[in-house]
Amino acid sequence: MQTLSFRHKAKRRLSGKKDQAIIGVVASGNLEVLLERVLPETACEVDIATPLNGYDETWKAVVAEFVERTSPGGLRISINDGGARPDTVYLRLMQGSALMEAE
Amino acid sequence: MEDAATSAQASWFQATARQRVAGLLDPDSFTEFLGPSERIQSPHLHLFDVPSAFDDGVVIGRGKLGGKDVLVAAQEGQFMGGTFAEVSGAKLVGLVRAARDHKSLPQTVLLLMDSGGVRLQEANAGELAVAELMRAIVEARCAGVAVIALVGGKAGAFGGAGLTTATCSRIVISGQGRTGVSGPEVIETNKGVEEFDSEDKALVWSTDGGKNRRLLGGADAFAEDSMEGFRAATKALMSKVPAFDLKTMQAEQERLAARQKRLGACDDAVSMWRILGIQEPETIRDMDAKKFIALANSIKEANHDAR
């Protein structure tokens, strides 16, 4: 297992009032993403546990792209990975932030 | 929130545990116990370099079905085959024991089974959990709690999940649902391919599948593979759960002995269905849910009240 942790400063707080959401399942080629609104306005943390070692740069790029696109300020995002491809990771992150913005 | 995966017509088979809970219960009625943010995860899986899940693959809580209060547990069949393990098992056992001990809690427990059995990395804890859960279900039923199993997930309900299902007051199953103790691969490995060919999906489904279980009285209601299908079938069963007493047990024993005598010589499902009096048993496989439910309700074998 490898754990990775990324800290970002988002452009702004993610809109919406939902305080937490979970999307996806830990299964082959899939992952679960837990999003919690627990950080100050523009802070964003992403913590990843993955069974595949050595994809640090790929994770870093996907997370950076997601933060740039959605500005998930205030979120702590925790990921249990089941060996998902980068496009699946990105999709789940986008689904998760959409859930947090609902209502 | 509107979500295609939890809408009335969404497939139960394809859904995740969380989607099933959302689709089964009345909208926005669910409150989760020990939710994912509490991170009650497996303490063992990382030792095997295997990823954990924040809820260890079981969602538990309370909510309403058709306005009636229920406790609910759902196994996530996609996470490690929906396995029984230390944490996931304890969540199931705790929920059923809570119903047994506290009359102020809902006295109906819905178990959304989706599991191939015990998680091999935590086999001892998993086996214990199955035994404790079966005991808790029996004790809860003695205390007047209705425990209803819903089977229709990708992993089916085998091994400990099959035993748990069979211990419940009532069982709802869909056509895609399969249940038994030893799964097809296990039987083939132990008894040979001549005994049971696990690659022959038509054979597997006709034997372990929901339609056969329903016709033989091994399940009490057949559900269409949708959220609404399981909602309707479960609501109908909740109101008429048999008492759990000596009389019920004796009736169950008699029913099983009679079934063995009547069908014991058959070597496939179709020949059993013929003996049950079904005119064209070959048509069962492709029969739609509505027609099949009506047929099953007319078969005596399928409608014993023994369990």
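The model is predicted.

Start with the inside. The largest nonpolar core holds 71 residues. Six of them touch the most other members: B:Val96, B:Val109, B:Leu111, B:Val147, B:Leu150 and B:Val172. Helix H3 of chain B, residues 123-142, gives the largest share of this core, seven residues. A second, separate core has 30 residues. Among them are A:Ala21, A:Ile48, A:Ile77 and A:Val89.

B:Leu111 is then in contact with B:Ala73, B:Val147, B:Ala149, B:Leu150, B:Thr164 and B:Cys168.

## Helices around H3 of chain B

H3(B) packs with helix H4 of chain B, residues 160-167. The angle is about 5°, and the axes are 9 Å apart. That makes H3(B) roughly parallel to H4(B). On the H3(B) side, the contact uses B:Gly126, B:Val130, B:Leu133, B:Met134, B:Ile137 and B:Val138. They meet B:Gly160, B:Leu163, B:Thr164 and B:Thr167 in H4(B). By class, this contact has six nonpolar, four polar and no charged residues.

H3(B) also packs with helix H2 of chain B, residues 86-101. Here the angle is about 10°, with the axes 9 Å apart. H2(B) and H3(B) are therefore roughly parallel to each other. H2(B) contributes residues including B:Glu86, B:Leu92, B:Val93, B:Val96 and B:Arg100. H3(B) contributes residues including B:Ala129, B:Glu132, B:Leu133, B:Ile137 and B:Glu139. This contact has eleven nonpolar, two polar and five charged residues.

B:Leu133 is one of the H3(B) residues that meet H4(B). B:Leu133 is also one of those in the contact with H2(B).

## Where the chains meet

## A serine with a record

UniProt, in an unreviewed entry, places the feature "modified residue: O-(phosphoribosyl dephospho-coenzyme A)serine" at A:Ser28. A:Ser28 is in the loop between strand S2 (20-23) and strand S3 (31-37) of chain A.

Is A:Ser28 buried or exposed? A:Ser28 has 8 other C-beta atoms within 10 Å, so it is exposed. Beyond its neighbours within four places in sequence, A:Ser28 is in contact with A:Gly82 and A:Gly83.

## Other residues in loops and ends

| Residue | C-beta neighbours within 10 Å | Class |
|---|---|---|
| B:Asp56 | 29 | buried |
| A:Ser71 | 20 | buried |
| A:Thr42 | 16 | partly exposed |
| A:Ala102 | 12 | exposed |

B:Gly156 is in the loop between strand S5 (146-151) and H4 of chain B. B:Gly156 and B:Gly81 are 75 residues apart in sequence. In space, they are 9.3 Å apart, C-alpha to C-alpha. Not counting residues up to four places away in sequence, B:Gly156 touches B:Val151, B:Gly177, B:Arg178, B:Thr179 and B:Asp208.

A:Thr42 is in the loop between S3 and strand S4 (43-50) of chain A. A:Arg12 lies 30 residues from A:Thr42 along the chain, yet their C-alpha atoms are separated by 5.3 Å. Leaving aside neighbours within four places in sequence, A:Thr42 is in contact with A:Lys9, A:Ala10, A:Arg12, A:Arg13 and A:Gly73.

A:Ala102 is in the segment after helix H2 (86-101) of chain A. A:Ala102 and A:Gly24 are 78 residues apart along the chain, and 17 Å separates their C-alpha atoms.

Two residues stand out by backbone angle. Phi of A:Ser71 is near 50°, a positive value in a residue other than glycine. A:Ser71 is in the loop between helix H1 (56-70) and S5 of chain A. B:Asp56 has a positive phi of about 50°, although it is not a glycine. The loop that holds B:Asp56 runs between strand S1 (31-33) and strand S2 (58-65) of chain B.

Notes
Residues numbered from 1 in each chain as written. Chains lettered and ligands numbered in written order. Predicted model: local features only at pLDDT ≥ 70, side-chain atom pairs only at ≥ 80, totals over all residues. Core = buried A, V, L, I, M, F, W, Y, C linked by C-beta atoms within 7 Å. Helix = DSSP H or I, 4+ residues; strand = E, 2+ residues; numbered from the N terminus. Contact = placed C-beta atoms within 7 Å. Axes fitted to C-alpha atoms, helices over the stretch in contact; angles between N-to-C directions. Parallel < 35°, antiparallel > 145°, perpendicular 65-115°, else oblique. Nonpolar A, V, L, I, M, F, W, Y, C, P; charged D, E, K, R; others polar. UniProt positions renumbered as here; feature names shortened; annotations may be inferred.
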